[in-house]
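Please study the sequence and the structure before working through each solution.

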Amino acid sequence: MDASELLTQNVDKTQLPPLHQKRILAFVNHFLISSCSFLNEFSLQCETKFIELERKLQKVEAALTILEAKLASIPDVENKETATPNSEKTAAVEQNNNNNNNNDVSNKTEPGNNKAPAEQEEDVAEQPAATPTPQGIPASEHSLYKKFFKMLQVGVPLPAVQLKMQSEGLDANILSNPQTLLPAESTDES
C-alpha cells in the first residue's frame with residue numbers, strides 16, 4: 001500500500017496501537033536541540049555582523065572628524081561661517097546704539113532737568129561701564145583648542161583627544177574646564 005492510500009482509507013483509529021512515548025520524547029528532544037542550536041548560531045552571526053558594522057561606523061566617524069578638521073583649517077570656509085554670526089551681532093549692536101541715542105535725547109528734553117545738554121553728555125561720559133569685560137576668550141572657543149572640543153562632540157574618546165593635544169604641545173587639562181579664559185593673542189598654551 002502507498003502512503004496516500006493509508007491516508008484516504010477509513011481506519012478506525014481506536015483500533016491502532018498507541019505511539020511509543022520514548023519515541024515521541026526522542027522526536028521532541030531532537031526538535032528542541034536543533035531549534036536551540038539554530039537560534040544560537042543565528043544570534044552569533046547577527047552579533048558578529050553588528051560588531052563589524054560598529055567598527056565600520058567608527059572608521060567613518062574618525063574620517064568625518066579628520067575631514068571636519070581639514071575643512072576648519074581652510075580660511076575661506078571659516079570666514080564664510082563667521083560672517084553670518086558677525087552680521088547678526090552688528091545688527092544687535094546698532095540696535096543698542098539706537099536705543100542709547102534715544103535715551104540720551106529723552107534725558108536732554110526732560111522737564112525739570114537744570115543741566116545743559118553739554119553737561120549731561122559729560123555726566124554720561126564720566127560714568128564707568130556697568131559690566132567689566134573679561135580678558136580673553138573661553139577655551140572652547142579658542143582657535144587652538146576649538147578643534148579638540150569639536151572632536152569630543154562628534155564622539156572621539158577623551159584619552160585619544162588628550163594624546164593628540166599632548167602631541168601638539170598643548171595642555172590636555174583644558175578639556176576638563178572648557179570655560180577657562182585664555183588670551184586671544186596666545187598661540188601656545190602649556
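**Exercise 1.** Is Leu19 buried or exposed?

*Solution.* The model is a predicted one. Leu19 is located in the loop that lies between α1 (3-8) and α2 (21-72). Its relative accessible area is 68%. The term "exposed" applies to values over 50%. Leu19 is therefore exposed.

**Exercise 2.** Determine which residues form a nonpolar patch on the surface together with Leu19.

**Exercise 3.** Describe how Phe38 and Phe42 are arranged.

*Solution.* First, consider the count: the protein has 1 aromatic pair. Phe38 and Phe42 form this pair, with a distance of 6.2 Å centre to centre and an angle of 20° between the planes. Planes under 30 degrees apart count as stacked, so the pair of Phe38 and Phe42 is stacked. Next, consider the sequence: the two residues are 4 residues apart in helix α2, which means that about one helical turn separates them. Finally, consider accessibility: Phe38 is exposed, at a relative accessible area of 52%, whereas Phe42 is partly exposed, at 45%.

**Exercise 4.** How many helices and strands does the protein have, and what pattern do they follow along the sequence?

*Solution.* There are 6 helices and 2 strands. Read along the sequence, their pattern is α-α-α-α-β-α-α-β.

**Exercise 5.** What percentage of the residues in the protein is buried?

*Solution.* Of the 190 residues, 9% are buried. The protein exposes about 16100 Å², and carbon and sulfur atoms supply 57% of that area.

Technical notes: Residues are numbered from 1 along each chain as its sequence is written. This is a predicted model: local features need pLDDT of at least 70, side-chain atom pairs count only at pLDDT 80 or more; totals for chains, interfaces and linings use all residues. Side-chain values use heavy atoms; hydrogens and water are left out. Patches are made of residues with over 30% relative accessible area and no salt bridge: like charges are joined within 9 Å, nonpolar side chains (Val, Leu, Ile, Met, Phe, Trp, Tyr) within 5 Å. Accessible areas come from the Shrake-Rupley method with a 1.4 Å probe; for residues, only the protein chains shown count as cover. A salt bridge is a side-chain nitrogen of Lys or Arg within 4 Å of a carboxyl oxygen of Asp or Glu. Buried means under 20% relative accessible area, exposed over 50%, partly exposed in between (1.4 Å probe, protein chains only). Rings of Phe, Tyr and Trp (its six-membered ring) pair if their centres lie within 6.5 Å; planes under 30 degrees apart count as stacked, over 60 as edge-to-face and the rest as tilted.
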